[in-house]
Amino acid sequence: MTRMETSRLGFCLLLSAIFMVVPVSVAQLSPTETRLLFQVKRLLQYPQVLQGWTRWTNLCYLPPSPSLKIVCSNSRVTELTIVGNKSSLSDKFSIDALFTVLTKLSNLEALSLVSLGLWGPLPPKINRFRSLQALNLSSNFISGKIPKQVASFENLTSLVLADNRFNGSVPDLTGLTLLQELNLGGNRLGPQFPSLSKSLASITLSNNSFRSAIPSGLKKFNQLLKLDISSNRFVGPIPSFVFSSASIQYLNLAQNQLSGALPTSTSCSKSLTFVDISNNLLIGKLPSCIGSNSKNRTVFSSWNCLSAGKSNRQHPYSFCSRQALAVKPVERTEQEPGINFGLILGIIGGVVVMAGAIVLLILVIVRRSRRSEDADDDRSIADKISIRSSPKPAIDSRRVPQTMRSAAIGLPRYRVLSLEEIEDATNNFDPSNFMGEGSQGQLYKGWLADGSVVVVKCLKLKQKHATQNLMQQMEVLSKLRHRHLVSVLGHCIVTYQDHPNIASTVFVVFEHISNGSLRDYLTDWRKKETLKWPQRMAITIGAARGVQFLHTGISPAIYGNDLKIDNVLLDATLTAKISDYNIPLPLKTGSENHSCRNGSGEKEDIYQLGILLLQVITGKPATFTSELDELKHQLEKSLAEGPSKLRSVIDPSIQGTFAYDSMKTMVQFAINCLSKDSTKRPSIEDVLWNLQYSIQVQEGWTSSGNLATHL
């Protein structure tokens, strides 16, 4: 064989090796499936990663990237990956329509739709996927229960539904015998540990609402490499087998309520390299394999009540013993065999219904005869309130503004809680649950009976206040539920019947937002990189909509809402939620109901929104008046001098991500909001109109693909 022939043979072998290693599409896509993909583009509302598609684009031969990957075989799509930027889709989006189209891709084996702003419940029709092996819908807004049809994917090896809004119990997944990866972290699932396939190699259930013991059945998961159940409310002892499982490498049990002592004889698998059992209620000494002899593995065990270890990073023994007594696992209830409870309950129910009908008839007759007497015998509401409970407010849903009702979708129903429930949620206001001091009262982290995480604000009321007025204000409180507020979930009133002049307390229960504040994102360079101009616009318009609701969505309006970047919280989808807004109650703190009659409170909130815009545009969390005045002056000067000057003032991390006209509109309006003359500041409706106009300009610029106009 000549040298040329040898070289040619080597080149051919190299090409063969490349095509064997690198998966590529091997067929032209059929016209039907091409149309389906363009329908997906339309239903996803034209995400930026799909902007380059035209009718001449050969979709099967697009170069794969982290944001987009299409693999075809025999003229059919077998793999589809689309990754967006978490911007939420408009109210015209239909998740049902999207999956109607997707399920027509009959050969689809792998589907990843990540950070695309999908919202709504996952439709049962997903069982139409016949060949699916991998499903990733993480970092969206998908809500409701995980449909039981997920269990029909017989070939599924990977299921990732992390960072959504799923709630309730996980369907039985024991039938997915090929499943190796399960990631349900960052949802609201619980309270029981799910029934899973023993084939799993990785289980992630972190940041949910599970509240049960670690099941003994995990001992049979011989292929398990990773177990992460952190940030839940798992209780009871840690079974020793979780450390000694043959394949286990990564074990994270942190931030639960696991209690008791680990047996000193506990052994660890040789493959175990990472263990985190911190922030639990463990006592005693650590076993040697995660204690003194843990040089080959990373171990975190702080903030328990362990006798060995750094004492300044452990609670006293009494803390764990007291806390462990206060928690109980949620257990499955099973019906005893041989007893026909349905028949017994049916008979009892029939008798009760008949008796109830008779009593109801008597009550109607008596009430009609005494209607006039009742009008004269109304008792003071104060006489009806005890130290242990609160009366339920009479809320007529017909009087609730439509904006509030639509925006509060997805929240649990409003509740009036007893003092016992509040004490149980906060573990009797244990110092470990103390979160700090808000503008109107102390804040405690808590867990309700269903496992949901909440924040409890303790408000001390003024003495000698009118209880009737208090009850009217409770009705207003129950309406503070909106997508862009840290919403009120319920309340508890504590009064003293024998001492009506002594100040009472109202405990207000809020939803818990754990993803940090806007200040966190503007000061942490890693988080800051995720806030490009489209995300910042979405955050500011979200905050403005929250303010609009406080000003116009309820009556009386609420002003003086302390709108600083520390109080704009961001959830897992970067949706802005205003926290620490003014609670309209007569408080001891002097922070009275700021429903200002002369409008000065409204204009103060507009000024605070102007500061927020200034900080978002420049990326500088300035708070002092001199700093704010200097930034405002720089922006005013840059507008006069042109785009190149504006570039030097705007946050460098968003350069190249905005349209000049969009940014210019925002800058001009921020300056208007910061006018020293409050009468020249715009109304909240004007603020929203200009923000929405700026977003429309940005979207038009993005969809056009004309990069020549950006700074």
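Analyst: Cysteine 268 is buried, at a relative accessible area of 18%; buried means under 20% relative accessible area, exposed over 50%, and partly exposed in between, with a 1.4 Å probe and protein chains only. This is a predicted model, in which local features need pLDDT of at least 70, side-chain atom pairs count only at pLDDT 80 or more, and totals for chains, interfaces and linings use all residues. Residues are numbered from 1 along each chain as its sequence is written, and side-chain values use heavy atoms, with hydrogens and water left out.

User: To which residue is cysteine 268 joined by a disulfide?

Analyst: A disulfide is a pair of cysteine sulfur atoms within 2.5 Å. For cysteine 268 the S to S distance is 2.0 Å, and the partner is cysteine 289.

User: Is the link of cysteine 268 and cysteine 289 left-handed or right-handed?

Analyst: The angle about the S-S bond is 50°. That makes the link of cysteine 268 and cysteine 289 right-handed.

User: What is the relative accessibility of cysteine 289?

Analyst: Cysteine 289 counts as buried. Its relative accessibility is 11%.

User: How many disulfides does a search of the whole structure find?

Analyst: One joins cysteine 60 to cysteine 72, with S to S 2.0 Å. Another joins cysteine 305 to cysteine 320, with S to S 1.9 Å. With the bonded cysteines numbered in sequence order, the pairing is 1-2, 3-4, 5-6. The search of the whole structure finds three.
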